[in-house]
Amino acid sequence: ATPIGLLVGTGRGAQLGILIRGPHVLEDTRKIDTVLLDKTGTVTEGKLAVTDTLALDGCDDRELLRLAGAVESGSEHPIARAIVTAASEAGPVPTATGFTSAAGGGVRASVEDSLVVAGRISWLEENGVQLSESELGLLHGVQERGATAILMAIDGRLAGIISLRDTVKAGSARAIARLKELGLRPILLTGDNAAVAAIVAAEVGIAPEDVFADVLPAGKADTVRKLQAVGSLVAMVGDGVNDAPALAQADLGIAMGSGTDVAIEAADLTIMGNDLAQVAQSIELSRGTLRTIK
Ligand code: ADP
Ligand code: MG
């Protein structure tokens, strides 16, 4: 039988916009000591905007954005939405065919007569595109300015870099401070580059040693496993397809209500308000609930 306090907690959670998969989830929530937070869409708004384009020899900014818009039309990622928006504002966007994507990596498609690959460096390498020393220098320059940098290759050669920016959610810093007051260790976990991750972490009060950047989706789940192996009880908070393996692996998976269906299905708990304050509330709820049934 389910203790009545857990049922009450589940009902109270629903009133707060916290959807709990089953009453037992609150028991797991109570014991958590570490909270892994995905960056994009969890700590940040996940509403990116293109801030700059850097076209290399043989390409121009307009063409770069036009082809990027086409290849990203097949993706639901916040990066893709931002690029499609910017491209559509600049002019007509052609149709892409043969679209493929890799979660936490990037996208690939044929556009007109070209093969277009967009994403992180490892995704370009997987597609046979190697960066020269000077191209790597350009990438690092963009990243050091705090931008999320998307590499664009056309027919096997780097054609340019698109810079995007996101904003930290208004309530993130306060919510993370509350998690710390509750005795939890917040950790930032992202597929984005280290410079962006460091800037976001500083803004919300996460210690530099608790930032894991350039982490692929499988790496997110591995990070959870490694923390569990040293005895941590881990909650993972995320919204993307790339977060699903880590949400499933965690002792407690928490999805943003605005997240993808895959993330919500993998999670034990869904936060409808998309506000990190609700993560702290869930912990408090579980602790309060379990106190009343003792
Ligand atoms: P986060 O962990 O911040 O939510 P993701 O794991 O979703 O980020 O993505 C990690 C990286 O993979 C991005 O910063 C980007 O370089 C690349 N990427 C993911 N999806 C796309 C896409 N649709 N187009 C281009 N690059 C992408
Ligand atoms: Mg995300």
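Leu 182 sits in the loop between α8 and β9. The model is a predicted one. Its chain is divided into domain 1 (4-45 + 168-293) and domain 2 (49-165).

**Leu 182 and its surroundings**

- Leaving aside neighbours within four places in sequence, Leu 182 is in contact with Ala 280 and Ile 283.
- Pro 217 is 35 residues from Leu 182 along the chain. The C-alpha atoms of Leu 182 and Pro 217 are separated by 28 Å.

**Leu 233, in another loop**

- Leu 233 lies between α10 (217-229) and β11 (234-238), in the loop.
- Leu 233 counts as partly exposed because it has 17 C-beta neighbours inside 10 Å.
- Its contacts include Lys 31, Ile 32, Asp 33 and Thr 34, not counting residues up to four places away in sequence. Asp 251 is also touched by Leu 233.
- Ala 250 is 17 residues from Leu 233 along the chain, and their C-alpha atoms are separated by 8.0 Å.

**The two domains**

- The C-alpha centres of domain 1 and domain 2 lie 30 Å apart.
- Twelve residues from domain 1 and nine residues from domain 2 take part in the contact.
- On the side of domain 1 that touches domain 2, α3 and α9 are the elements that give two or more residues.
- Helix α9 gives the most to that side, with three residues.
- By class, that side of domain 1 has six nonpolar, five polar and one charged residues.

**Helix α9**

- Helix α9 covers residues 194-204. Its buried residues are Val 196, Ala 197, Val 200, Ala 201 and Val 204.
- Seen down the axis, the buried residues of α9 fall within an arc of 130°, so they line one face of the helix.
- In general, an α-helix has 3.6 residues a turn, so residues three or four places apart point the same way.
- Which elements do the buried residues of α9 pack against? The helices are α3 (39-43) and α8 (172-181). The strands are β7 (148-154), β9 (185-189) and β10 (211-212).

**Helix α2**

- Helix α2 spans residues 24-31. Val 25, Leu 26, Thr 29 and Arg 30 are its buried residues.
- These residues cover an arc of only 145° around the axis, which puts them on the same side of α2.

**The shell around ligand 1**

- There are 22 residues around ligand 1. Thr 40, Gly 104, Gly 119, Arg 120 and Gly 191 come nearest.
- Both domains take part: the shell draws at least three residues from each of domain 1 and domain 2.
- At least two residues of the shell come from each of α3, α5 (78-90), β5 (106-111), β6 (114-119) and β7.
- The shell divides into five nonpolar, twelve polar and five charged residues.

**The largest nonpolar core**

- The largest nonpolar core has 88 residues. Within it, Leu 36 and Met 152 touch the most other members.
- Helix α5 supplies the largest share of this core, seven residues.
- The core draws at least three residues from each of domain 1 and domain 2.
- What does Met 152 touch, not counting residues up to four places away in sequence? Its contacts are Leu 64, Ala 68, Ala 118, Ala 159, Gly 160, Ile 161 and Ile 162.

- Most residues other than glycine have a negative phi.
- Asp 214 is not a glycine, yet has a positive phi of about 55°. Asp 214 lies in the loop between β10 and α10.
- Asp 214 is partly exposed, because 15 other C-beta atoms lie within 10 Å.
- Asn 274 is not a glycine either, and has a positive phi of about 60°. Asn 274 is placed in the loop between β13 (269-271) and α13 (277-293).
- Is Asn 274 buried or exposed? Asn 274 is buried, because 20 other C-beta atoms lie within 10 Å.

Conventions:
Residues are numbered from 1 along each chain as its sequence is written. Chains are lettered from A and ligands numbered from 1 in the order in which they are written. This is a predicted model: local features need pLDDT of at least 70, side-chain atom pairs count only at pLDDT 80 or more; totals for chains, interfaces and linings use all residues. A residue is buried if 20 or more other C-beta atoms lie within 10 Å of its own, exposed if 12 or fewer, and partly exposed in between; C-beta atoms are placed from the backbone. Helices (H or I, at least four residues) and strands (E, at least two) are DSSP runs, numbered from the N terminus. The arc is that of the directions from the helix axis to the C-beta atoms. Two residues are in contact if their C-beta atoms, placed from the backbone, lie within 7 Å. A residue is near a molecule or strand if its C-beta atom, placed from the backbone, lies within 6 Å of it. Ala, Val, Leu, Ile, Met, Phe, Trp, Tyr, Cys and Pro count as nonpolar, Asp, Glu, Lys and Arg as charged, and the others, Gly among them, as polar. Domain bounds come from an automatic or database domain assignment. A nonpolar core is a set of buried Ala, Val, Leu, Ile, Met, Phe, Trp, Tyr and Cys residues joined through C-beta atoms within 7 Å.
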